[in-house]
Amino acid sequence: QVQLEESGGGLVQTGGSLRLSCTASRRTADDYFMGWFRQAPGKEREFVAGLNYIGDWRYLSDSVNGRFTISDDNAKNTLYLEMYNLKPEDTAVYYCAASRSKTIMMGNVNYWGQGTQVTVSS
C-alpha cells in the first residue's frame, strides 16, 4: 500500500505560480511511475504530467508544456508540480497518482491522493 498526500494548492491570480507537493508513505522510486492528474468541474480527469524515478521518462501534456515542471526528491519520497503563468483554465482539483505502469497516462493508476484545489482567478 502507498498513501499519497498532496499539498500546495490555493487561489492565485492569472499569471501567478504555485508548487504542488505529493508525499508518499513509502519509497516508490524503485517500482512506480508517478504523475499528476487534474479534473475541472464538469470535465473528465486529465493526465498532465508524469515521470519515472529512473529518469528516462518524463511527460507534460500539451496544455501545460512550457508552463509546468514535474520533478521529484527521492530522499523525501516527494513529487512536485511547479506551475507558472497560470491561467483560469488551469483551475481544477489536482491529484497525485502512482502506477506500476507507464499506462498511468491512460488512467491506469494503483494509488490516488485525495486531491488539492487550484483556483486561478482572472
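How many aromatic pairs does the structure hold? The structure holds six, where rings of Phe, Tyr and Trp (its six-membered ring) pair if their centres lie within 6.5 Å. This is a predicted model, in which local features need pLDDT of at least 70 and side-chain atom pairs count only at pLDDT 80 or more, while totals for chains, interfaces and linings use all residues. Residues are numbered from 1 along each chain as its sequence is written, and side-chain values use heavy atoms, with hydrogens and water left out.

**View 1. Phenylalanine 47 and tyrosine 59 form a stacked aromatic pair.** The ring centres are 5.5 Å apart, with 15 degrees between the planes; planes under 30 degrees apart count as stacked, over 60 as edge-to-face and the rest as tilted. Phenylalanine 47 belongs to strand 5 (residues 46-52) and tyrosine 59 to strand 6 (residues 58-60), so the pair links distant parts of the chain, twelve residues apart. Strands are DSSP runs (E, at least two residues) numbered from the N terminus. Phenylalanine 47 counts as buried because its relative accessibility is 8%, whereas tyrosine 59, at 26%, counts as partly exposed. Here buried means under 20% relative accessible area, exposed over 50%, and partly exposed in between (1.4 Å probe, protein chains only).

**View 2. Ring pairs link five residues into a cluster: Phe37, Phe47, Tyr59, Tyr95 and Trp112.** Arginine 45 lies over the face of tyrosine 95, 3.8 Å from the ring centre. The charged end of arginine 45 also sits over the ring of tryptophan 112, at 4.5 Å from its centre. A charge sits over a ring if NZ of Lys or CZ of Arg is within 6 Å of the ring centre and within 35 degrees of the ring normal.

**View 3. Four strands form an open antiparallel sheet in the order 1-3-8-7.** Strand 1 (4-7) and strand 7 (68-73) are at the edges with a single partner strand each, so one side of each has no neighbour in the sheet. Two strands pair if DSSP finds at least two bridges between them. Strand 1 is joined to strand 3 (residues 18-24) by four bridges, and serine 7 has serine 21 as its bridge partner in strand 3.

**View 4. Threonine 116 lies in strand 11 (residues 116-121).** Threonine 116 is buried, because its relative accessible area is 11%. Its side chain reaches the backbone nitrogen of glycine 9 at 3.3 Å. Beyond neighbours within four places in sequence, threonine 116 is in contact (heavy atoms within 4.5 Å) with residues including Ser7, Leu20 and Tyr94.

How values were computed
Polar contact = N/O pair within 3.5 Å; in protein donor to acceptor, adjacent residues only side chain to side chain.
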